[in-house]
Amino acid sequence: MITGAGVSAESGIPTFRGKDGYWRNLDPAKLATPEAFARDPQLVWDWYNERRQRIRKAQPNAAHEAIARLAQHADEFLLVTQNVDDLHARAGLPKEKSVQIHGDIFVTRCSHCDFSEKGRGGSPEPPMRGRLRSIAPTSAKEVSIPRCPQCAELMRPGVVWFGEQLPWHELQRVDNFLDGGGCDVVIVAGTTATFGYIIDWALRPSRDGGELIEINPEETPLSRFATRLVREPAAIALPRIVDELTNRGAL
Ligand code: OAD
């Protein structure tokens, strides 16, 4: 199973490329880059802090819940999500059955050394509160960017930015799962499937004749390979499809 931002859309988290994706008139695709962070770390942190707040307040929707149910019923299951929110986990999907291939927004890590720490995802408190060390304000506006307690370099969100490598350990987990054999069913929900590795992971297991179900109101590069296209919002379609698959008993 592969998910993208569309699965969290109905929980009120804006997608990247949707009409609500822009923040202060800025394109998220330009904010989620190492270059944007180097140029204006405060701006990038402001954006991520707002997203963290929004995610903390959000609740998993019927799509997240259906996926957690599917994981319980299937003999073998892996979710690869591009989402950095924690809504799959909060819907009850065990960590060992999911891979956050673009990282975790509640992790804060050093931009220089290997120090990282997990913020308190469910809490209303900003992570690292009380441990922030302000850098000298560059203007009248107070700025506060977390600094690494080990090397004092700037801390950054623990997510993968454009042009960066995917986390090695998580890549291994996906490869190990796929090397274990074909899948009867691959479901891809709520992603524009813009990255080659997403297309590869969707198509590789279904080459042996398995089903490929796409759930997305819009067409994507994967649509033409799908054995079933469901042009509906994920929170409507997934509960029904999971019911069908579990009733079929062929999982
Ligand atoms: P996008 O914002 O590119 O795409 C969201 C997809 O969800 C679109 O194809 C929409 O048609 C679809 N969609 C919208 N609402 C939906 C709903 N209610 N139900 C089902 N589908 C819906 O998000 P991603 O494909 O996840 O990466 O983006 C992939 C990556 O690009 C992100 O992880 C992020 C981004 O830049 C990095 O930051 C590296």
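**Exercise 1.** Sort the residues of the shell around the ligand into nonpolar, polar and charged.

*Solution.* Start with the classes: Ala, Val, Leu, Ile, Met, Phe, Trp, Tyr, Cys and Pro count as nonpolar, Asp, Glu, Lys and Arg as charged, and the others, Gly among them, as polar. The shell of this predicted model then divides into nine nonpolar, nine polar and three charged residues. Next, look for the nearest of the 21 residues around the ligand: they are Arg17, His102, Phe162, Thr191 and Asn216 (near means a heavy atom within 4 Å).

A word on reading the model: residues are numbered from 1 along each chain as its sequence is written, and side-chain values use heavy atoms, with hydrogens and water left out. Because the model is predicted, local features need pLDDT of at least 70 and side-chain atom pairs count only at pLDDT 80 or more, while totals for chains, interfaces and linings use all residues.

**Exercise 2.** Find polar contacts of the ligand (pairs of N or O atoms within 3.5 Å) with Ala5, Glu10 and Gly190.

*Solution.* First, a polar backbone atom of Ala5 is 2.8 Å from a ligand oxygen. Second, the side chain of Glu10 places an N or O atom 2.8 Å from a ligand nitrogen. Third, a backbone N or O atom of Gly190 lies 3.2 Å from an oxygen of the ligand.

**Exercise 3.** State the mean pLDDT of the protein.

*Solution.* On this confidence scale from 0 to 100, the mean is 88, and 89% of the residues reach 70 or more.

Key. A polar contact is a pair of N or O atoms within 3.5 Å; within protein, one must be able to donate a hydrogen and the other to accept it, and residues adjacent in sequence count only if both atoms are side-chain atoms. pLDDT is the predictor's confidence in each residue, from 0 to 100.
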